[in-house]
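Trainee: Could you take me through this model feature by feature, giving the general idea before the particular case?

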Amino acid sequence: MPAEPTQARRFSKARAAQSYALLEDYVELIDDLLTATGEARATDIARRLGVSHATVVKTIGRLKREGLATSLPYRGVFLTPAGETLANKSRARHRLVVAVLTAIGVPPEAAEQDAEGLEHHISPATLRAFAAFLKKQP
């Protein structure tokens, strides 16, 4: 069993990642919707995430407080430059995790589903190792 401070640090890191994962999922989806349709409405976000409209409105408020998004009445949600940066980083992590999982034989759909959880909790050191692993692949 690890020392108490070590174990507490690990659990703290996991809790912080879980809290931030929600924001990453939202900005990535908002960016996808803006790219595909030109708008990201709360109703569309709720349907795609499988959550209630009220949950989306609450989370959009958090995105705005964090400086990641803005919204206009009757126009939907837009990302700030910081939100766009976060969406791009999250998407790149997701793609890297999917690439490694499929490289080791995980079926594509399972890799996509598993990456949704892994991408938010993986360390920069592990991401670098994943990228190095993929470079060695034929």
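Mentor: The model is predicted, so local features need pLDDT of at least 70 and side-chain atom pairs count only at pLDDT 80 or more, while totals for chains, interfaces and linings use all residues. Residues are numbered from 1 along each chain as its sequence is written, and side-chain values use heavy atoms, with hydrogens and water left out.

Trainee: How many residues does α4 have, and what span does α4 reach from its first C-alpha to its last?

Mentor: Helices (H or I, at least four residues) and strands (E, at least two) are DSSP runs numbered from the N terminus, and the expected span of a helix is 1.5 Å times one less than its number of residues. Here α4 has 23 residues and reaches 33 Å, close to the 33 Å expected at 1.5 Å a residue. Just after α4, Gly105 takes a positive phi of about 105°.

Trainee: Which residues of α4 are buried?

Mentor: An α-helix has 3.6 residues a turn, so residues three or four places apart point the same way. Buried means under 20% relative accessible area, exposed over 50%, and partly exposed in between, with a 1.4 Å probe and protein chains only. The buried residues of α4 include Gly83, Leu86, Ala87, Ser90, Arg91, His94, Val97 and Leu101.

Trainee: What is Ser90 in contact with, leaving aside its neighbours within four places in sequence?

Mentor: Contact means heavy atoms within 4.5 Å. Ser90, which sits in helix α4 (residues 81-103), is in contact with Glu24, Glu28, Glu119 and His120 once those neighbours are set aside, and Ser90 counts as buried because its relative accessible area is 0%.

Trainee: Which element gives the largest share of the lining of the largest pocket?

Mentor: On a 1 Å grid over the protein atoms alone, a pocket is an open set of points where a 1.4 Å probe fits, with protein on both sides within 12 Å along at least five of seven lines, and lining residues have an atom within 4 Å of a point. A volume is the space filled by probe spheres set on the points, which are joined across faces, edges and corners. The largest pocket holds about 280 Å³ of space, and α1 gives the largest share of its lining, 6 residues. Among the lining residues are Glu28, Arg91 and His94.

Trainee: What about the second largest pocket?

Mentor: The second largest pocket holds about 220 Å³, and its lining draws its largest share, 5 residues, from α3. Tyr74 and Val77 are among the residues that line it.
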